[in-house]
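Work through the exercises below with the sequence and the model open. Each task is followed by a solution in steps.

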Amino acid sequence: MSAILQATALGKRYGDEWALRDCSFELPAGRVAALVGPNGAGKTTLLHLAVGLLAPTSGHIELFGSPPRQDRAVLERVGFVAQDTPLYHGFKVEEMLTLGRRLNRRWDGRWAEDRLRGLGIPLGKRVGALSGGQRAQVALALALAKRPELLLLDEPVASLDPLARREFLQALMDAVAETGISVVLSSHLIADLERVCDFLVLLIASEVRLSGDIEELVAAHKVLIGPRRSTIGIPGVEAVVQASHAERQTTLLARTSEPVYDPAWTVQDVDLEELVLAYMGQPALSARPMPAGPAEANG
Amino acid sequence: MTWLVWRQHRQQALFGVTSLALLAAFFLLTGAHMHSVLDSSGLARCLARHGNCGDIQSGFEQRFSVWRGIQPVFLVIPLLVGLFWGAPLIARELEQGTHRLVWTQGVGRLRWLSAKLGFVLGATLLLAGAYAALATWWLAPLMTSTGDRFQPGIFDEQGLVPGAYAFFAVALGVAAGAIVRRTLPAMAVTLVGFLTMRVAVGGFGRSHFVAPVKVAAPPTPSTDLNHMGGWLLSRQTVDGAGHRTSIENAYLSCNAHVHAPVQTVVHCIHRMGFVNTDVFQPANRFWLFQGIETALYGGVALALLALAVYWVDRRVS
Amino acid sequence: MIEFHLDTRSGVAPYLQIARQVQQALRMGTLQADDQLPTVREVVGKLAINPNTVLKAYRELEREGLVAGRPGQGTFVVGTPAGPPPGAYTRLRGGLVRWLRDAHAAGLDDESIVAFVTTTLRDSAEESAA
């Protein structure tokens with residue numbers, strides 16, 4: 001499958017500080033990707049580079065094989081909703097749709113109107129008088145009415161209440177099911193995105209630490225629990241992401257290239273949230289209960 | 001883009017047109033009155049004959065002293081256009097983040113900017129031009145009487161320069177908004193920048209556009225000391241010994257009064273060696289100076305617009 | 001029409017949860033042959049999950065021979081899972097409810113009951129294998 005979005009050694013510097021440094025990853029088409037990282041990790045910078053609002057300082061980024069800033073045809077195939085869903089608050093909803101129709105070559109206004117009416121959002125109401133959740137739906141409808149092949153969303157649900165959040169994700173998944181569109185959703189909370197995304201790009205301190213299919217990533221990592229010992233040179237373990245040593249027990253989260261057969265280790269699966277937290281350097285393993293030791297298992 | 005530009009600026013446009021309409025009504029009503037009195041009082045005929053019109057002149061000027069008093073108020077107009085049409089143009093979008101919406105549609109940011117600038121600058125030139133034409137016509141009777149049109153403060157409200165000031169103010173506002181990114185600070189920068197430029201050019205630069213004319217001669221009653229329609233920059237009278245004095249003193253020394261024979265006074269002044277040096281810009285340079293100042297402001301405005309375009313293209317995210 | 005629900009904390013993959021809910025409904029008789037499963041869009045619009053998850057669940061069910069897709073129409077039930085006859089659950093339920101009452105009366109809480117059942121299941125499996 002060809003990559004719909006490709007970053008190669010992408011970097012962006014402001015003065016002395018690198019907001020993004022040496023980022024490389026490939027997003028295949030037809031995925032819903034989670035762009036995850038702590039605040040300040042560079043998620044917004046990456047999205048702005050992808051959509052042509054910023055120019056890279058080093059490296060390059062391509063959408064559909066073309067750089068977005070130079071090739072304006074790329075913008076017509078991408079929908080973007082910036083953080084805090086900017087809209088013209090003085091415009092009526094239908095005027096926002098007119099804006100989209102006038103500024104875009106491909107535009108399905110009828111679809112957008114039907115969708116918003118179906119959500120109970122009156123077209124004649126001023127955008128400023130809508131609730132936060134309704135504004136998010138308007139912004140999403142605007143981005144989708146372009147009939148894009150790729151949708152980029154910067155923290156779209158961060159400031160929404162749980163109900164509005166659910167409704168937004170429902171609307172988004174419905175659009176994905178209907179059109180097969182690819183999506184990149186950024187968030188600093190992985191819990192929001194777990195059930196919706198099947199691809200992960202993890203940004204920590206301006207660098208891409210992890211990227212790939214979520215199922216494959218989760219399958220490639222295991223938690224190993226065993227008697228306290230060194231973590232070097234365990235057969236099957238490619239790299240130790242996080243290690244925690246208690247008085248008599250060592251708990252590891254490791255990337256494994258093949259099954260770990262050493263019977264001294266109890267091997268458990270990870271879930272996505274633990275995986276992400278471990279890479280972020282947060283204590284992910286301390287909540288693990290001690291497994292039944294050999295004596296108890298035979299009990 | 002046309003739809004979007006109109007939708008975003010229709011309130012401003014309406015306000016501008018309404019204000020112009022109100023101003024026009026004021027100018028036309030009061031101006032028509034002044035024009036007719038200029039005729040009916042006989043002042044026009046008197047001045048055309050180059051007669052001694054002093055009495056009629058003071059009567060005329062006295063009658064319309066209120067309008068003369070009000071006249072400096074209109075100096076603010078170009079600044080207001082720059083503050084309310086120029087500063088928010090880009091700053092407001094950046095402040096509210098809507099540039100991230102409107103620049104990621106199918107239209108690129110330069111096309112967006114040129115459409116917005118085209119409308120606002122075009123409207124500015126149109127409305128400012130209309131204002132300037134009306135103001136020039138309105139001031140004409142008073143200018144005929146006082147000969148003040150080249151004077152600082154009055155030069156600024158006629159002819160071409162109000163349009164140039166407004167164009168400059170908007171360009172300054174737009175550039176400030178692009179760089180500062182917030183509307184109120186951009187307005188502050190526009191205010192300071194506009195005042196600085198106006199004071200620098202109007203207060204110091206304008207007198208040097210073309211080397212002034214210097215005339216040194218004994219100050220006789222037949223010498224043209226009024227420079228009607230011109231701009232007197234400096235006057236120095238010295239007596240025979242080279243001491244600084246005044247024209248009044250010269251006349252006093254020569255017993256000049258209404259009934260004194262002119263020839264006697266003239267001989268006296270020559271004999272006593274009074275010399276008056278006037279440095280001035282002659283009246284026939286009025287339109288030349290208007291043109292130079294317009295070109296100056298226009299050039300600076302274009303440079304500011306280029307800066308704004310560069311900034312939006314390269315530096316804003 | 002069956003309605004799915006997801007337990008995000010159960011540790012079971014979402015697609016498996018959906019597949020199992022279909023299997024359970026078939027066993028209980030709430031889903032019968034020729035019934036239509038909800039479309040991917042319907043499920044996704046309710047649960048806000050990735051459409052691929054639903055597709056995967058339906059593929060799994062198709063692999064097990066329980067459902068089949070009809071082009072242009074949707075996914076329909078074609079078989080029943082191997083398992084106890086429908087009446088078995090109803091019959092067993094009464095006894096289970098009584099036993100649970102006994103267990104609670106004896107002082108076991110829900111967690112202890114689940115652990116007790118799990119351990120006993122495991123033990124009896126080992127015994128029958130031995």
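**Exercise 1: the contact of chains A and B**

In the contact between the two chains, 15 residues come from chain B and 21 residues from chain A. Find which helices of chain B supply at least two residues each to the side that touches chain A, and how that side divides by class.

Solution. This is a predicted model.
- Step 1. On the side of chain B that touches chain A, α1 (2-40) and α6 (99-102) of chain B each supply at least two residues.
- Step 2. The most comes from α1(B), with 3 residues.
- Step 3. Sorted by class, this side of chain B has 5 nonpolar, 8 polar and 2 charged residues.

**Exercise 2: the other pairs of chains**

Describe the side of chain C that touches chain A, then state how chain B and chain C are placed relative to each other.

Solution.
- Step 1. Chain C brings 13 residues into contact with 13 residues of chain A.
- Step 2. Two helices of chain C, α2 (40-47) and α3 (51-63), each supply at least two residues of the side that touches chain A.
- Step 3. The largest share, 5 residues, belongs to α2(C).
- Step 4. The classes on this side of chain C are 7 nonpolar, 4 polar and 2 charged residues.
- Step 5. Chain B and chain C share no contact, and their closest C-alpha atoms are 26 Å apart.
- Step 6. Of the 2 pairs of chains that touch, chains A and B have the most contacts.

**Exercise 3: chain A as a whole**

Summarise the secondary structure of chain A, its span and its share of buried residues.

Solution.
- Step 1. Chain A holds 10 helices and 13 strands.
- Step 2. Its C-alpha trace spans about 70 × 45 × 35 Å along the principal axes.
- Step 3. Of the 299 residues in chain A, 44% are buried.
- Step 4. Taking contacts in chain A between residues at least 6 apart in sequence, 68% join residues at least 24 apart.

**Exercise 4: two packed helices**

Decide whether α3(A) and α4(A) run roughly parallel or roughly antiparallel, and list the residues that meet.

Solution.
- Step 1. Helix α3 (residues 93-103) and helix α4 (residues 109-118) of chain A pack at an angle of about 155°, and their axes are 10 Å apart.
- Step 2. Angles over 145 degrees count as roughly antiparallel, so α3(A) and α4(A) are roughly antiparallel to each other.
- Step 3. The crossing of α3(A) past α4(A) is right-handed.
- Step 4. From α3(A), Val93(A), Leu97(A) and Arg101(A) meet Gly109(A), Ala112(A), Glu113(A) and Leu116(A) of α4(A).
- Step 5. The residues of this contact are 4 nonpolar, 1 polar and 2 charged.

**Exercise 5: a lysine in a strand**

Is Lys222(A) buried or exposed? Which residues does Lys222(A) touch, not counting residues up to four places away in sequence?

Solution.
- Step 1. Lys222(A) is part of strand β10 (residues 221-227) of chain A.
- Step 2. Lys222(A) has 21 C-beta neighbours inside 10 Å and therefore counts as buried, the cut-off being 20 or more.
- Step 3. Leaving out residues up to four places away in sequence, Lys222(A) touches Ala254(A), Thr256(A), Val260(A), Val267(A), Gln268(A), Asp269(A) and Val270(A).

**Exercise 6: confidence in chain A**

Identify the elements of chain A with the lowest and the highest mean pLDDT.

Solution.
- Step 1. Chain A has a mean pLDDT of 87, with 94% of its residues at 70 or more.
- Step 2. The lowest mean pLDDT, 43, belongs to helix α10 (residues 294-297) of chain A, and the highest, 96, to strand β6 (residues 150-154) of chain A.
- Step 3. Residues 293-299 of chain A have pLDDT below 50, and this stretch has 1 contact in the model beyond near neighbours in sequence.
- Step 4. Where pLDDT is low, the predicted coordinates should not be read in detail.

Key: Residues numbered from 1 in each chain as written. Chains lettered and ligands numbered in written order. Predicted model: local features only at pLDDT ≥ 70, side-chain atom pairs only at ≥ 80, totals over all residues. Helix = DSSP H or I, 4+ residues; strand = E, 2+ residues; numbered from the N terminus. Buried ≥ 20, exposed ≤ 12 C-beta atoms within 10 Å, placed from the backbone. Contact = placed C-beta atoms within 7 Å. Nonpolar A, V, L, I, M, F, W, Y, C, P; charged D, E, K, R; others polar. Axes fitted to C-alpha atoms, helices over the stretch in contact; angles between N-to-C directions. Parallel < 35°, antiparallel > 145°, perpendicular 65-115°, else oblique. Left-handed = near helix turned anticlockwise from the far one by under 90°. pLDDT = per-residue confidence, 0-100.
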